[in-house]
Amino acid sequence: MTEIRSVVHALTVVDRVMAEGGVRVREIAEDLGIAPSSAHRLLGTLASRGYVVQDPYSRVYRPGAALLSLAGGVVENREIRRAAHRPMESLAAATGESVSLSVLVRSEVEFVDGIESTHVLRASPRIGARMPAYGTAGGRVMLADLAPADVAGMFGGGLKKLTDHTVDTVPDLAGMLARIRQAGYAVSRGESTEGISAIAVPLRDLTGRTVAGLAVVAPTERLPDAGLSVLIDQLQQAAEAFSTALGNRGME
């Protein structure tokens, strides 16, 4: 009976988060008639599986990537792709490199769109593939938007190295995400694929919520540190164009 009650409580929380867009621990405790500590554990469990995420400032729990994927996330991803595609085309034309769009699904990134470079030697977008979020630039800009405790919970079992260069401890990842949060972009050098580098920025909706990661991906020798500032500017311009396009679609 206790297990059934726990399932009912979890589904009640999911329903309320989706209906209202965000909840607090106190509200859930009152709604379910349970202690705040129990409500906190329930929300923490849902957060560890990616069904909710907690805003680090307001402490409000909002729908996470896993929940959006189950309840309308497919529609949201389609809107994200539509809003992002033209900025991606402009970015690919300006940089001459491949461009990748990814979304967060639990602890992984799923590549949902991409534009391939015309260079003979290039990084090809892997549309439909999934990878651990910590190993990609696009994944890390999305992880950086989450509460550190939620990220730690996602990877409580440790990090598997994808290459010799992949970050492989949760404390190192936490430090990396703090720097990304401050800088507003992420760089990956041979961490998911040897010889391939990427630089990514978050794509945000009009509420400021990060909904995707946008990356320029190329052989490492074509993404030197000296040229990153230009790419960052180009990526940020594309991100602004995405937010504008997403907002316009929302008004249609």
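1. Six strands form an open sheet in the order 5-4-3-8-7-6, and the pairing is antiparallel. Strand 5 (130–132) and strand 6 (186–189) are the edge strands, each pairing on one side only. Neighbouring strands are turned by 30 degrees against each other on average, direction ignored. Axes here are lines fitted to C-alpha atoms, for helices over the stretch in contact, and angles run from 0 to 180 degrees between N-to-C directions. Helices (H or I, at least four residues) and strands (E, at least two) are DSSP runs, numbered from the N terminus. Two strands pair if DSSP finds at least two bridges between them.

2. Basis. This is a predicted model: local features need pLDDT of at least 70, side-chain atom pairs count only at pLDDT 80 or more, and totals for chains, interfaces and linings use all residues. Residues are numbered from 1 along each chain as its sequence is written, and side-chain values use heavy atoms, with hydrogens and water left out.

3. Strand 3, cover. Buried means under 20% relative accessible area, exposed over 50%, partly exposed in between (1.4 Å probe, protein chains only). In a regular strand, side chains alternate between the two faces of the sheet. Both faces of strand 3 are covered. One side carries S98, S100, S102 and L104. The other carries V99, L101, V103 and V105.

4. Strand 3, partners. Strand 8 (residues 210–219) runs antiparallel to strand 3 and is joined to it by 5 bridges. Within that pair, V99 stands opposite V216. Strand 4 (residues 108–115) is also antiparallel to strand 3, with 7 bridges joining them. Here L101 has D113 as its bridge partner. The hairpin of strand 3 and strand 4 has 2 residues between the strands, and R106 in that hairpin takes a positive phi near 60 degrees.

5. Which face of strand 6 is covered, and which is uncovered? A186 and S188 make up the covered face, V187 and R189 the uncovered one. Strand 6 pairs with strand 7 (residues 196–204) in the antiparallel sense, over 4 bridges. A186 stands opposite A200 in strand 7. The hairpin of these two strands has 6 residues between them, and G190 takes a positive phi near 65 degrees there.

6. T210. This residue lies in strand 8. T210 is buried, at a relative accessible area of 13%. Its side chain makes two polar contacts worth checking by eye: one with the side chain of D145 (3.4 Å), and one with the side chain of R204 (2.9 Å). A polar contact is a pair of N or O atoms within 3.5 Å; within protein, one must be able to donate a hydrogen and the other to accept it, and residues adjacent in sequence count only if both atoms are side-chain atoms. Neighbours within four places in sequence aside, T210 is in contact (heavy atoms within 4.5 Å) with V141, M142, D145, P202, L203 and R204.

7. Helix 3. A39, L42, L43, L46 and A47 are buried in helix 3. Seen down the axis, these buried residues fall within an arc of 140 degrees, so they line one face of helix 3. The arc is that of the directions from the helix axis to the C-beta atoms. G50 follows helix 3 and has a positive phi, near 85 degrees.

8. Helix 2. In helix 2 (residues 25–32), the buried residues include V25, I28, A29 and L32. They cover an arc of only 100 degrees around the axis, which puts them on the same side of helix 2. An α-helix has 3.6 residues a turn, so residues three or four places apart point the same way. Just after helix 2, G33 takes a positive phi of about 70 degrees.

9. R82. Helix 5 (residues 73–95) holds R82. R82 is partly exposed, with a relative accessible area of 44%. A polar contact of 3.0 Å joins its side chain to that of E79. R82 and A245 are 163 residues apart in sequence, yet 8.6 Å apart in space, C-alpha to C-alpha.
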